[in-house]
Amino acid sequence: MDIEEDIKALQLDSSAEDTVMGSTDDGKPDKVDEAEDWVMAEDGKPGEVEKSDKVDEVSKDVAVANSQPVNPEPKVAPEVKPKETSMPDVVSEDEAEDNGSKKRHLNVVFIGHVDAGKSTTGGQILFLSGQVDDRTIQKYEKEAKDKSRESWYMAYIMDTNEEERVKGKTVEVGRAHFETETTRFTILDAPGHKSYVPNMISGASQADIGVLVISARKGEFETGYERGGQTREHVQLAKTLGVSKLLVVVNKMDDPTVNWSKERYDEIESKMIPFLKSSSYNVKKDVQFLPISGLVGSNMKTRVDKSVCPWWNGPCLFEALDAVEVPARDPKGPFRMPIIDKFKDMGTVVMGKVESGSIREGDNLLVMPNKAPVKVLAIFCDEDKVRSAGPGENLRVRLSGIEEEEMLSGFVLCSSAKPIAAVSEFVAQLQILELLENAIFTAGYKAVLHIHSIVEECEIVELTQQIDLKTKKPMKKKPLFVKAGAIVVCRIQVNNMICIEKFADFPQMGRFTLRTEGKTVAVGKVTKLPTESDN
């Protein structure tokens with residue numbers, strides 16, 4: 001449990017929970033004496049939101065874009081969603097805009113250990129919200145039965161490629177849409193298997209809210225929770241990547257080894273709470289636990305029947321999702337959309353999530369870092385053509401002035417008046433989580449940097465300061481190396497020019513993870529860019 005203790009040591013003392021949501025100071029991370037807020041990522045810019053709204057503000061940082069390219073077509077089989085959302089078939093552009101403004105939009109990522117039931121739960125949500133018809137379900141049921149995988153048929157809705165179905169594991173980040181009375185949701189179904197964690201990073205980095213799926217089945221919860229199990233790593237990564245709100249769904253409650261047992265549910269909750277606190281989650285404000293069965297759909301769209309589970313008086317999953325408060329976002333900020341994928345379709349089309357500002361048809365923008373001026377020809381939100389879109393929306397944008405092959409994932413579509421900086425070096429504050437055996441973190445250390453939709457090899461060129469964990473102040477002596485658990489300020493270099501922002505200005509584009517050989521070794525935030533005078 002070392003990593004848990006290490007992280008715990010870095011959190012604020014008992015006032016941490018209030019600080020997580022209440023402090024507006026951590027919007028200025030260049031002050032290293034505010035190191036305790038290094039990963040709390042809660043406040044975008046000081047003073048934008050009242051204290052009580054801090055909860056919402058957090059999610060604003062959330063969504064960096066997908067670090068793995070995704071297919072231009074949605075990954076859910078065509079018959080899965082005859083209508084991508086329940087918006088009208090043919091809407092005038094004004095109506096589409098109205099529609100967009102009436103219903104808020106949230107990205108939900110399903111995270112958790114392999115086999116916890118993430119894809120099955122996602123599939124069940126789509127079925128219950130009318131995105132999949134009975135005939136399709138029967139087809140999937142037959143396919144699953146033919147492969148002697150009867151209980152996997154719901155997961156087939158989310159896992160649409162053959163590799164996923166054969167292994168019963170989600171490899172890419174699946175996507176699908178559903179709606180409730182007040183909200184349009186995009187489900188990102190993140191893979192849970194250890195070797196697929198980079199894909200999970202790409203899913204979580206786009207999400208506003210996380211649904212952590214935990215299996216109540218005897219032995220399965222324990223496997224996911226032990227060191228090396230995905231439950232722990234996913235929670236830490238989700239927090240770092242800005243997933244501020246977490247619904248912890250205890251799944252498989254209908255399993256014969258569980259049988260809706262309150263004792264088992266309470267045991268899981270009591271083990272998870274200290275760990276969630278150590279990962280900087282404010283459990284009272286930002287985390288909600290609820291029991292479900294993803295396979296049979298209990299306590300999902302409607303509350304579980306008292307005859308099945310007499311002790312549960314809380315909400316069902318749909319109610320809990322609907323009650324999540326909308327992140328505060330700034331539609332008037334400088335436009336930023338990290339590109340997660342691009343393809344040709346009557347011109348050059350880029351995909352991504354708007355992190356800041358708004359976009360309209362006819363806008364003249366820049367693609368950075370190659371400084372290419374482009375014009376916006378058309379904007380698609382889900383499957384609907386719209387005239388404009390604001391922050392938090394997942395878009396496909398058709399551009400003129402640039403060819404598809406001139407762009408890479410990680411490039412940023414941005415305002416030409418206030419373009420994003422392109423750098424090959426930056427200063428960051430890092431928390432070292434876990435180093436490989438015998439490794440020391442020192443100048444010359446190489447790792448893979450994941451920041452919004454960028455995946456780039458990097459090298460630590462200099463350790464400039466170590467932060468004292470007790471006083472949270474910089475130590476006088478410049479460190480030569482640091483061990484796991486340390487907080488350090490360092491200079492990081494990458495081979496290619498990358499577009500990033502200071503965490504203080506754009507939290508969602510200034511926080512990152514460092515990974516080596518399949519392990520997340522550090523998480524951090526950008527505190528200084530060399531080109532600030534040009535910015």
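## Surface and model basis

The protein chain exposes about 20,800 Å², and 50% of that comes from carbon and sulfur atoms. Areas follow the Shrake-Rupley method with a 1.4 Å probe; for residues, only the protein chains shown count as cover.

The model is predicted: local features need pLDDT of at least 70, side-chain atom pairs need pLDDT 80 or more, and totals for chains, interfaces and linings use all residues. Numbering runs from 1 along each chain as its sequence is written, and side-chain values use heavy atoms, without hydrogens or water.

## Fold and burial

The chain holds 14 helices and 23 strands (DSSP runs numbered from the N terminus: helices H or I, at least four residues; strands E, at least two). Of its 535 residues, 61% are buried (under 20% relative accessible area; exposed is over 50%, partly exposed in between).

Contacts are heavy atoms within 4.5 Å. Among those with a separation of 6 or more, 73% join residues 24 or more positions apart.

## Nonpolar cores

A nonpolar core joins buried Ala, Val, Leu, Ile, Met, Phe, Trp, Tyr and Cys residues through side-chain atoms within 4.5 Å. The largest has 55 residues, with Met-272, Leu-276 and Leu-321 making the most contacts inside it. Beyond four places in sequence, Leu-276 touches residues including Val-235, Leu-246, Tyr-281 and Phe-289. A separate core has 30 residues, among them Ala-447, Ile-500, Leu-514 and Val-521.

Phe-481 sits in strand E20, residues 481-482. Its relative accessibility is 42%, so Phe-481 counts as partly exposed.

Methods
Buried < 20%, exposed > 50% of the residue type's maximum accessible area, 1.4 Å probe, protein only.
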